[in-house]
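Biologist: Can you walk me through this one? I'd like to start with helix packing, then go to side chains.

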Amino acid sequence: MEDVKNYIDNIKIEDIPWDRMITAYDTAENYPELLKILDEMKDLDKVKQALNKISDFEHQSTLFTPAPFVLIFLVRIYEKAINSPDNPVAVWLADRLARSFEYYTEVCDDIEKIEHPKALENMSDILNENYLIPECVNIFDCDEDEFEELNEKLFQENLFYSLYYYSGVVLAEVSHTE
């Protein structure tokens with residue numbers, strides 16, 4: 001079993017195959033660009049748009065594959081924002097992220113109240129080929145049956161629970177920064 005805290009502390013944006021992860025409406029291929037906009041905290045309109053778009057890793061209390069990973073980077077951005085009190089964009093972003101983290105924490109806590117399978121042994125296991133969109137597949141070219149088959153493959157029970165479990169682990173770090 002990996003040291004989850006060490007994994008969280010050392011993972012880089014480029015270590016994540018964003019383009020092979022499904023979100024509520026698309027893939028996460030644009031997440032690195034959106035995270036960069038958020039991290040820069042320069043233009044409030046761009047930050048608002050980026051935060052809105054990147055939030056599609058969750059929809060109606062359902063977490064999608066990029067959730068625990070994007071949360072790692074959002075927590076890092078939050079830490080930077082709370083340490084930038086002279087930047088009005090950072091202040092706005094810190095407030096929004098804090099509220100979002102409260103909601104995501106509730107979502108993760110709620111899943112613990114119901115019966116669930118055991119989480120994958122390591123957070124990095126979520127990046128296993130079995131849980132990613134195959135490289136040769138364009139999800140937008142799939143017919144309904146192919147898309148359903150892909151969803152069944154990508155959202156096996158232990159993976160599904162692991163998205164909540166490891167997101168909760170990441171979000172627990174927020175309480176250490178406040």
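Modeller: A word on terms before the packing: a helix axis here is a line fitted to C-alpha atoms over the stretch in contact, and angles run from 0 to 180 degrees between N-to-C directions. Note also that this is a predicted model.

Biologist: Fine. How do the axes of α2 and α3 cross?

Modeller: The axes of helix α2 (residues 31–40) and helix α3 (residues 44–54) come within 9 Å, with a crossing angle of roughly 140°. That makes α2 oblique to α3, because only angles over 145 degrees count as roughly antiparallel.

Biologist: Left-handed or right-handed crossing?

Modeller: The crossing of α2 past α3 is left-handed.

Biologist: Which residues meet there?

Modeller: From α2, Tyr31, Leu34, Leu35, Ile37 and Leu38. On the α3 side they meet Lys46, Val47, Ala50, Leu51, Lys53 and Ile54.

Biologist: Is Tyr31 part of a ring cluster, and with which residues, or does that need another look? Put simply, which residues do ring pairs link into a cluster?

Modeller: Trp18, Tyr31 and Phe73 are linked into a cluster by ring pairs.

Biologist: How many aromatic pairs does the count come to?

Modeller: The count comes to 8 aromatic pairs. One of them is tyrosine 78 with phenylalanine 101: the ring centres are 5.5 Å apart and the planes are at 80°, so this pair is edge-to-face.

Biologist: Where do tyrosine 78 and phenylalanine 101 sit in the chain?

Modeller: Tyrosine 78 is in helix α4 (residues 67–82) and phenylalanine 101 is in helix α5 (residues 88–112). They are 23 residues apart, and the pair links distant parts of the chain.

Biologist: Why does tyrosine 78 count as buried?

Modeller: Its relative accessibility is 5%, and buried means under 20%. Phenylalanine 101 has 3% relative accessibility, so phenylalanine 101 counts as buried as well.

Biologist: And what about the rings of tyrosine 165 and tyrosine 166?

Modeller: Their centres lie 4.8 Å apart with planes at 85°, so tyrosine 165 and tyrosine 166 form an edge-to-face pair. Tyrosine 165 is partly exposed at 32% relative accessibility, whereas tyrosine 166 is buried with a relative accessible area of 1%.

Biologist: Next is serine 167. Which helix does serine 167 lie in?

Modeller: Helix α7, residues 157–177. Serine 167 has 0% relative accessibility, so serine 167 counts as buried.

Biologist: What does serine 167 contact, leaving aside neighbours within four places in sequence?

Modeller: Serine 167 is in contact with Leu63, Ala67, Pro68, Leu71, Cys108 and Ser162.

Biologist: How far apart are aspartate 95 and tyrosine 78?

Modeller: They are 17 residues apart in sequence, and 8.8 Å apart in space, C-alpha to C-alpha.

Biologist: Last one, glutamate 148. Where does glutamate 148 lie?

Modeller: Glutamate 148 lies in helix α6, residues 144–154. Its relative accessible area is 44%, so glutamate 148 is partly exposed. Between glutamate 148 and isoleucine 16 there are 24 Å in space, C-alpha to C-alpha, and the two are 132 residues apart in sequence.

Technical notes. Residues numbered from 1 in each chain as written. Predicted model: local features only at pLDDT ≥ 70, side-chain atom pairs only at ≥ 80, totals over all residues. Heavy atoms only, no water. Helix = DSSP H or I, 4+ residues; strand = E, 2+ residues; numbered from the N terminus. Buried < 20%, exposed > 50% of the residue type's maximum accessible area, 1.4 Å probe, protein only. Contact = heavy atoms within 4.5 Å. Phe/Tyr/Trp six-rings, centres within 6.5 Å; stacked < 30°, edge-to-face > 60°. Parallel < 35°, antiparallel > 145°, perpendicular 65-115°, else oblique. Left-handed = near helix turned anticlockwise from the far one by under 90°.
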